[in-house]
Amino acid sequence: MKKRAENKVLRAAMAALFALTMLAGCGAEKEQAAKAPVVKTIRAGASQQSEGTYSGTVKGRYETNLSFQTGGQILSRNVDAGSRVEPGQTLMVIDARDAVQQANAGDAQVAQAKAQLNLAQTNLARYTELYRQDVVPQATLDQYQTNYDAAFASYQAALSQAAQGHNVLSYTNLTAGAAGVISSVSAEEGQVVAAGQTVAVLVQTDELEVEIAVPEDRVASLQPGMEAQVTFWAFKGSAKGVVREISPMADSASRTYKVRVSVPEPPQAMQLGMTASVSFAGADGGQGTAMELPLSAIYQTGDQPQVWVVEDGAVHLKDIKVKSFGKSTVQVEGLSAGDIVVTAGVHKLREGQEVRREDNQ
C-alpha cells in the first residue's frame, strides 16, 4: 500500500512538472511569434549606383575664395562657418596703421607737388609776359614752359600714388561681394595673413546645383543642356536638372570628370552639402532607371519578377523588370531611388508582414 501511494505521488509530480514545462514553452513561443522577424535590406540608389545614375553633392554655382588685397594682422573676425551674409557686410578687419601712414604720405606728396606746380605756373606766366615785351629770348620761355610741364606731371603722379594709398586703406576691411553663406573660415584673430591668402569661402545660395563625378567611359554620353532627374537622400521627392558644365579634363587621381547639373527649381528642403542622386535615364522620379541589387533580392513565383519593399515597418511586393544579370548581382528597373529592398529570405515573407530591419532593430 505504501509503495502504491508513493508511485501515485511521483506520477502526480511528474505530470505537474510536464504541464509547467509545456506552459513555459507555449509562452516563449507566443513571445517569439509576437516579435517581428529581422530582415536584411539595402536602399536602392543609395549605397549602389548603376549605369546612368550618379551620386553627387549639392553646391553653389558661385563659390568665391575670399582674401585681403593687402597683408597684415587680423584684428577682428565677424563671421563663422555657416554665417549668412549680405552684400557689403564687413567679414574681417586687419590692422590698418601701416595703410594709414601710407595714405598720409601720399597726401603729403600731393601737397608738395601742388606747391611746385603753382610755382612753375607763376614763373611761366611772368616770363611769358616778358617775352611778349622782348625782354627775354625764346629759349628762356621754353625753359620755364618745360619746368611747368614737369611740375604738372609730378602732380598727376602724386595724385595717383595718393589714390593708391587710400585704396590700400580700404582693403583692410574684407567685405562680402554678394549674398550667401560662409562655407569655411581659415583665419583667426591675431593671425598675420598675406595679400591674396584665402581666409574664407563664400557660397552664393541663390543658384544651387549638383556636382557629380562621371567615369571617363561614360562622359561622352553627356552633353550640356541634357535633362536629368535629381533625387535627394535627406528627403523624398525629386527635381528636374540640366547639365550645365562638363569638365574638359579628368581628375588626375580618380580619373573621373566633374559634371555640374543645375537645378532651376530647387526644392525648399534642398541645402548645401546634401547628397543627391542624378539620373539621366528618364524623368519619372527614378522609375525606369536601372539599379543594381543582389540576386538574392529577387522574388519570383510566376513570370513577373518582384522584390519585397519595406514601407512603414511592413513588406510589400513591387513589380520590377530585369535588365541584365551579373555574377552575383542583377540590374533591375521599376524601383525608385530610396526604396528599401529586402535582400535575403525573400521566400519566407508574406504580403503586409511586419518586419524589423537589420540595421534598425
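What does the side chain of Gln-304 reach at 2.8 Å? The views below come from a predicted model, in which local features need pLDDT of at least 70, side-chain atom pairs count only at pLDDT 80 or more, and totals for chains, interfaces and linings use all residues. Residues are numbered from 1 along each chain as its sequence is written, and side-chain values use heavy atoms, with hydrogens and water left out.

**View 1. Gln-304 reaches the backbone of Ile-320.**
The side chain of Gln-304 reaches the backbone oxygen of Ile-320 at 2.8 Å. This is listed as a polar contact (a pair of N or O atoms within 3.5 Å; within protein, one must be able to donate a hydrogen and the other to accept it, and residues adjacent in sequence count only if both atoms are side-chain atoms). Gln-304 is found in the loop between β17 (291-294) and β18 (306-311). Helices (H or I, at least four residues) and strands (E, at least two) are DSSP runs, numbered from the N terminus. Gln-304 and Ile-320 are 16 residues apart along the chain, and their C-alpha atoms are separated by 7.7 Å. Not counting residues up to four places away in sequence, Gln-304 touches Tyr-299, Asp-319 and Ile-320. Contact here means heavy atoms within 4.5 Å. Is Gln-304 buried, exposed or partly exposed? Its relative accessible area is 36%, so Gln-304 is partly exposed. Buried means under 20% relative accessible area, exposed over 50%, partly exposed in between (1.4 Å probe, protein chains only).

**View 2. Strand β21 pairs with β17 and with β20.**
Two strands pair if DSSP finds at least two bridges between them. β17 and β21 (residues 329-333) run antiparallel and are joined by four bridges. Pro-294 has Thr-329 as its bridge partner in β21. Strand β20 (residues 321-325) also pairs with β21 in the antiparallel sense, over four bridges. There, Val-322 stands opposite Val-332 in β21.

**View 3. Six strands close into a barrel.**
The strand order is β3-β12-β15-β14-β13-β16, and the pairing is antiparallel. From one strand to the next, the twist averages 40 degrees. Axes are lines fitted to C-alpha atoms, for helices over the stretch in contact, and angles run from 0 to 180 degrees between N-to-C directions. β13 and β16 pair over four bridges. Gln-229 stands opposite Ser-279 in β16.

**View 4. The largest nonpolar core has 24 residues.**
A nonpolar core is a set of buried Ala, Val, Leu, Ile, Met, Phe, Trp, Tyr and Cys residues joined through side-chain atoms within 4.5 Å. Those with the most contacts inside this core are Val-58, Val-210, Ile-212, Phe-232, Val-261, Val-278 and Phe-280. Which strands each supply at least two residues? They are β3 (53-60), β12 (208-215), β13 (227-232), β14 (238-246), β15 (256-262) and β16 (275-279). β12 gives the most, with four residues. A second, separate core has 16 residues, among them Phe-68, Val-79, Ile-182 and Val-193.

**View 5. Four strands form an open sheet.**
The order is β4-β11-β9-β6, with antiparallel pairing. β4 (63-67) and β6 (84-85) are the edge strands, and each pairs on one side only. Strand β9 (residues 180-185) pairs with strand β11 (residues 198-203) over four bridges. Val-185 stands opposite Ala-200 in β11.

**View 6. Helices α2 and α3 pack through buried residues.**α2 (97-132) is the packing partner of the buried residues of α3. The 36 residues of α2 should span 52 Å at 1.5 Å a residue, and its end C-alpha atoms are 53 Å apart, which agrees. The expected span of a helix is 1.5 Å times one less than its number of residues. Helix α3 (residues 138-170) has 33 residues and reaches 49 Å from its first C-alpha to its last, close to the 48 Å expected. Buried residues of α2 include Ala-99, Gly-106, Leu-117 and Tyr-127. Those of α3 include Leu-141, Ala-151, Tyr-155 and Val-168. α2 is followed by Asp-134, whose phi is positive, near 60 degrees.

**View 7. Thr-172 sits in the loop between α3 and β8 (173-175).**
Thr-172 counts as buried because its relative accessibility is 4%. The side chain of Thr-172 reaches the backbone oxygen of Leu-169 at 2.6 Å. Leaving aside its neighbours within four places in sequence, Thr-172 is in contact with several residues, including Phe-68, Met-92, Ile-94 and Ala-99.
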